[in-house]
Amino acid sequence: MGELVKIIAQALVDHPEEVQVNEIEGTQSVIVELKVAPEDMGKVIGKQGRIAKAIRTVVKAAATRENKRVVVEIIQ
């Protein structure tokens with residue numbers, strides 16, 4: 001899941017080398033933390049959070065195939 005988030009984020013931002021993804025595995029769920037450059041934060045979140053919601057939807061669909069629950073957090 002982390003690799004999927006990283007590929008999507010790198011396609012959106014101006015500084016793809018600064019994209020960092022951290023996966024925290026739990027028993028039933030996975031938390032994926034996405035960190036980008038401060039000037040790219042708006043590109044990842046989008047107007048009214050539409051891009052962030054779309055990223056979460058794609059990752060959730062991929063996680064359903066593996067019977068896992070994934071939470072995507074965008075952090076600074």
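Predicted model: local features only at pLDDT ≥ 70, side-chain atom pairs only at ≥ 80, totals over all residues.
A salt bridge, as I use the term today, is a side-chain nitrogen of Lys or Arg within 4 Å of a carboxyl oxygen of Asp or Glu.

How many salt bridges does the rule give here? The count comes to two. In one of them, the side chains of Asp-14 and Lys-43 meet, at 2.7 Å from N to O. These partners come from distant parts of the chain, 29 residues apart: Asp-14 sits in the loop between H1 and S1, and Lys-43 belongs to helix H2. Are they buried or exposed? Asp-14 has 51% relative accessibility, so it counts as exposed, the cut-off being over 50%. Lys-43, at 36%, counts as partly exposed.

Then there is the pair of Lys-68 and Glu-25, whose side chains form a salt bridge at 3.4 Å, N to O. Lys-68 is in the loop between H3 and S3 while Glu-25 is in strand S1, so this pair ties together parts 43 residues apart in sequence. Lys-68 is partly exposed, with 39% relative accessible area, and Glu-25 counts as exposed at 53%.

Let's step back and look at the whole chain. The protein has three helices and three strands. If you read along the sequence, the pattern goes α-β-β-α-α-β. What about overall shape? The C-alpha trace spans about 35 × 20 × 15 Å along its principal axes. For 76 residues, a compact globule would have a radius of gyration near 11 Å, and the protein has 12 Å, which agrees.

How do parts that are far apart in sequence come together? Among contacts with a separation of 6 or more, 53% are between residues 24 or more positions apart.

Now for the inside. Of the 76 residues, 25% count as buried. In soluble globular proteins, nonpolar side chains tend to be buried together. Here, the largest nonpolar core has 15 residues, and those touching the most other members are Val-5, Val-19, Leu-34, Val-36, Val-44, Val-59 and Val-70. Which elements supply at least two residues each to this core? They are helix H1 (2–12), strand S2 (29–35), helix H2 (41–45), helix H3 (50–65) and strand S3 (69–75).

Pick out Val-36 on your screen. Setting aside residues up to four places away in sequence, Val-36 touches Val-13, Glu-18, Val-19, Met-41, Val-44 and Ile-75.

Why can residues spaced along a helix share a side? An α-helix has 3.6 residues a turn, so residues three or four places apart point the same way.

Over in strand S2 we find Ile-31. At 28% relative accessibility, Ile-31 counts as partly exposed. Apart from neighbours within four places in sequence, Ile-31 is in contact with Asn-22, Glu-23, Ile-24, Val-71 and Glu-73. The C-alpha atoms of Ile-31 and Val-5 are separated by 11 Å, and these residues are 26 apart along the chain.

Last stop: backbone angles. Most residues other than glycine have a negative phi, and most peptide bonds are trans. Gln-48 is not a glycine, yet it has a positive phi of about 55°. Where is Gln-48 found? Gln-48 is in the loop between H2 and H3, and it is exposed, with a relative accessible area of 76%. Asn-67, also not a glycine, has a positive phi of about 55° too. Asn-67 has its place in the loop between H3 and S3, and at 72% relative accessibility it counts as exposed.

Note on methods: Residues numbered from 1 in each chain as written. Heavy atoms only, no water. Core = buried A, V, L, I, M, F, W, Y, C linked by side-chain atoms within 4.5 Å. Buried < 20%, exposed > 50% of the residue type's maximum accessible area, 1.4 Å probe, protein only. Helix = DSSP H or I, 4+ residues; strand = E, 2+ residues; numbered from the N terminus. Contact = heavy atoms within 4.5 Å. Rg over C-alpha atoms; globule rule 2.2 N^0.38 Å.
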